[in-house]
Amino acid sequence: QLQASGGGLVQSGDSLRLSCAASGLSFSDYDMGWFRQTAGKEREFVGFINWVSRTTWYADSVKGRFAISRDNAKNTVYLQMNSLKPQDTAVYYCAADPWYSANIRGNPKYWGQGTLVTVSS
């Protein structure tokens, strides 16, 4: 299971950190990703961190503002969001995919339930 938390209502320019706690899987063997979705739009891949924390990737829309990290000892992945904009408003989902699958961007094996982030202008 993946349990995302940390969403809320913030103002433009604020920061927020989302967490995603994993259970029931060998966390250190999984690439971890974040996605977001707003009503009426397709799900957007925000970024990911690979299983050994040596590779991260971010969508252009968040590059330089968001950062993904993980703590394998705590089975938790984080999404640090800085300089938030109203267009960052979405439900954010974490996802996990085995490192050997290399499919974190496409069709991850496991999904969290989502946490809502609302950025007011």
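1. Let's start in the interior: Arg65 is buried, and Asp88 is buried too. Their side chains meet in a salt bridge, with 2.7 Å from N to O. This pair ties together distant parts of the chain, since Arg65 sits in the loop between strand 6 (56–58) and strand 7 (66–71), while Asp88 sits in the loop between strand 8 and strand 9, 23 residues apart. Please keep in mind, as you look at the picture, that this is a predicted model.

2. Like Asp88, Arg36 is buried.

3. How many salt bridges does the structure hold? The count is four. Arg65 and Asp88 make one of them, and salt bridges that share partners join Arg36, Glu44, Arg65 and Asp88 into one network.

4. Which residues touch Arg65, once its neighbours within four places in sequence are left aside? They are Gln80, Met81, Asn82, Ser83, Leu84, Lys85 and Asp88.

5. For a contrast, turn to Asp60. This residue forms a salt bridge with Lys63, the closest N and O atoms being 3.1 Å apart. Is Asp60 buried or exposed? Asp60 counts as exposed because its relative accessibility is 67%, and the cut-off for exposed is over 50%.

6. Now visit Val10, which lies in strand 2 (residues 8–11). Val10 has a relative accessible area of 11%, so it is buried. Neighbours within four places aside, Val10 is in contact with Ser15, Leu16, Leu84, Thr118, Val119 and Ser120. Ser101 is another matter: Val10 and Ser101 are 91 residues apart in sequence and 36 Å apart in space, from C-alpha to C-alpha.

7. Stepping back, what is the chain built from? Its secondary structure comes to 11 strands and zero helices. If you trace the chain from the N terminus, the elements read β-β-β-β-β-β-β-β-β-β-β.

8. Next comes the overall form. The C-alpha trace spans about 40 × 30 × 25 Å along its principal axes. A compact globule of 121 residues would have a radius of gyration near 14 Å, and the chain, at 13 Å, agrees with that. Among contacts with a separation of 6 or more, 55% are between residues 24 or more positions apart.

9. Finally, consider surface and charge. Of the 121 residues, 42% count as buried. The chain exposes about 6200 Å², and carbon and sulfur atoms supply 45% of that area. There are 12 positive and 9 negative side chains, and the centres of these two sets lie 2 Å apart.

Definitions and conventions: Residues numbered from 1 in each chain as written. Predicted model: local features only at pLDDT ≥ 70, side-chain atom pairs only at ≥ 80, totals over all residues. Heavy atoms only, no water. Helix = DSSP H or I, 4+ residues; strand = E, 2+ residues; numbered from the N terminus. Rg over C-alpha atoms; globule rule 2.2 N^0.38 Å. Buried < 20%, exposed > 50% of the residue type's maximum accessible area, 1.4 Å probe, protein only. Contact = heavy atoms within 4.5 Å. Areas by Shrake-Rupley, 256 points an atom, 1.4 Å probe, with all protein chains shown as cover. Lys, Arg positive; Asp, Glu negative; His and termini not counted. Charge placed at Lys NZ, Arg CZ, Asp CG, Glu CD.
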